[in-house]
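Please look through the sequence and the model below before reading on.

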Amino acid sequence: MALTPPFQLMLAEARRQLPPDGTRPWEWTAEQKADGFRAILFARSGQVLLQSRRGNDLSPAFPDIAAEALRLGESLVLDGEFVVPHSGRLDFSALRSRARRRGPGAARAAEHLPA
C-alpha cells in the first residue's frame, strides 16, 4: 500500500485513567504527549516531505530532520512529534521560532537548536 501526502495525522486523545490490570499490550497503546508539533515524515527516492497537522510543508523549516531522513536511504512514513530539547527540557518557544524560519535562517537555527 502506498501512502501519499497529504495524510491525516494521529492526534493525541486525553484519558483520565490507565488501562485496567491484565490489559494485553496490543489492546491498548499509549505514549506521553510531548510539547511539540505533530507531523508526518514522508521519505522516498531522495525526497522528503514533513507535513504538519494542517497539511503544510514543514521541510524548509526543519532541514535537520529532512537531511537525517534522507540519510536513512529508505522509503518510509513516520508519524510523530517534533520537539526541540534545550537545557534538559523541551523548549516549545524555540520550536515555534524554528517553524517560522526558512533558508539560511532555518539552517542556522538547526545547528543551534536541532529538532
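In this predicted model, three strands form an open sheet in the order S2-S1-S3, with antiparallel pairing; strands here are DSSP runs of E with at least two residues, helices are runs of H or I with at least four, both numbered from the N terminus, and two strands pair if DSSP finds at least two bridges between them. Strand S2 (47–52) and strand S3 (76–82) are the edge strands, each pairing on one side only. On average, neighbouring strands of this sheet are turned by 20° against each other, direction ignored, where axes are lines fitted to C-alpha atoms, for helices over the stretch in contact, and angles run from 0 to 180 degrees between N-to-C directions.

Helix H1 (residues 63–72) packs on the sheet and touches S1, S2 and S3, its direction making about 135° with that of S2; contact means heavy atoms within 4.5 Å. Within the sheet, strand S1 (residues 37–44) is joined to S2 by 6 bridges, and the two run antiparallel. Leu41 stands opposite Leu50 in S2.

Turning to the protein chain, its secondary structure comes to 3 helices and 5 strands, which follow the pattern β-β-α-β-β-β-α-α along the sequence. Of its 115 residues, 30% count as buried, that is, under 20% relative accessible area with a 1.4 Å probe, protein chains only.

Residues are numbered from 1 along each chain as its sequence is written. Local features need pLDDT of at least 70, side-chain atom pairs count only at pLDDT 80 or more, and totals for chains, interfaces and linings use all residues, while side-chain values use heavy atoms, leaving out hydrogens and water.

Methods
Buried < 20%, exposed > 50% of the residue type's maximum accessible area, 1.4 Å probe, protein only.
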